[in-house]
Amino acid sequence: MTGHDGWQPEAPELVRPYVITKGRGLPDEDDLSLITLVTASDGQQQRPARLSPEEQSLLDLCAAGYLSVAEIAGHTHFPLGVVRILLASLMEGGHLTTRPPVARARLADREILEEVLNGLRAKFG
Amino acid sequence: MGSAPSLDERDYVREGATQTAVKILVVGHFAVGKTTLIGSISEIEPLSTEETMTQAAEPVDDLKGVQGKTTTTVAMDFGRLTISDRVVLYLFGTPGQQRFVQMWEDMARGALGALVLVDPERLADSFPVIDLIEHYGLDYAIAVNHFDGTPLRDERALREALDLLDDTPVVTCDARDEKSSAAALTTLVRYLLDRTR
């Protein structure tokens, strides 16, 4: 499944979003926020052939490591809504693993803010 | 051309830093320098993603009804910075137009805070942006994008014009400069930290 046949990054402009998503709707946005990190699940060698070219493409992209939902949209040039739907479908099939961003309750966490502050200082002086 | 864009190893989030993803918004009116600031700090080439507004704003069941409508797309730019062995920070640049409600909700949800980039010569253009940030309850700092030769109003006048709270930080920065942009961001994070006390 190299996917070198047919699908090009330009495709999103030629195919209406609801065709690519097979009419599926938007997933719960708390599951796939802009910064939810996504990667291919282990053992993706036996990938079912029934995945659409777009789903294959996203899976290929996610095979080498973690990317945020926003980065996946940025790299593929798919609209964000379309990416979310395709990712949700891949998650349902067990092809993808996600790491949701920190829960809202933890956001004001001093520890996280301190780590960000120290990180910025260390990097930029 | 392959089906998936071929990415370099560095394009992926470093192992470990995947534990905690956080985001900060960089907001401001059109052409104030949001993408420039993000680009000066980001470890990846800033990316852009489109949100199809009409669809995103409609409940799922209405997707069919949307097909015939003209949809508005709006781009948001973003960058990434690996902070530590367990934290990765995303910076999202958001245009200030109020009509992109769905996108604002997406962006604001779970954000640590916002850096509001301000052009001292176009202060009034920043009003709607600040309104939105306050509407979504985000803590923010003001970064005055100070290009060479631009006369800078004194801080008190600027605070008055923008109707800021006394403790809202105001810094000047050159969005093109990495250190200067990072200093503005650092000021914001220190302020956010103070707010937790």
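I began with Ala31(B), which I found in the loop between β1 (20–28) and α1 (34–41) of chain B; helices (H or I, at least four residues) and strands (E, at least two) are DSSP runs, numbered from the N terminus. The model is a predicted one, in which local features need pLDDT of at least 70 and side-chain atom pairs count only at pLDDT 80 or more, while totals for chains, interfaces and linings use all residues. Residues are numbered from 1 along each chain as its sequence is written, and chains are lettered from A and ligands numbered from 1 in the order in which they are written.

I looked up the backbone of Ala31(B) and noted a positive phi of about 60°, although the residue is not a glycine. Ala31(B) counts as exposed because it has 12 C-beta neighbours inside 10 Å; by the rule used, a residue is buried if 20 or more other C-beta atoms lie within 10 Å of its own, exposed if 12 or fewer, and partly exposed in between, with C-beta atoms placed from the backbone.

I then turned to His77(A), in the loop between α4 (69–76) and α5 of chain A. His77(A) is not a glycine either, and its phi is positive, at about 65°. With 17 C-beta neighbours inside 10 Å, His77(A) counts as partly exposed.

For chain A as a whole I listed seven helices and three strands, running α-α-β-α-β-α-α-β-α-α from the N terminus on. Of its 125 residues, 42% count as buried.

Next I traced the sheet of chain A, which is open, has three strands in the order β2-β1-β3 and is paired antiparallel; two strands pair if DSSP finds at least two bridges between them. β2 (67–68) and β3 (96–99) of chain A stand at the edges with a single partner strand each, so one side of each is left without a neighbour in the sheet. I found four bridges joining β1 (residues 37–40) of chain A to β3(A), and the partner of Leu37(A) in β3(A) is Arg99(A).

Last, I looked up the largest nonpolar core, which has 83 residues, those with the most contacts inside it being Leu115(B) and Val116(B); such a core is a set of buried Ala, Val, Leu, Ile, Met, Phe, Trp, Tyr and Cys residues joined through C-beta atoms within 7 Å. Helix α5 (residues 80–92) of chain A gives the largest share of this core, eight residues.
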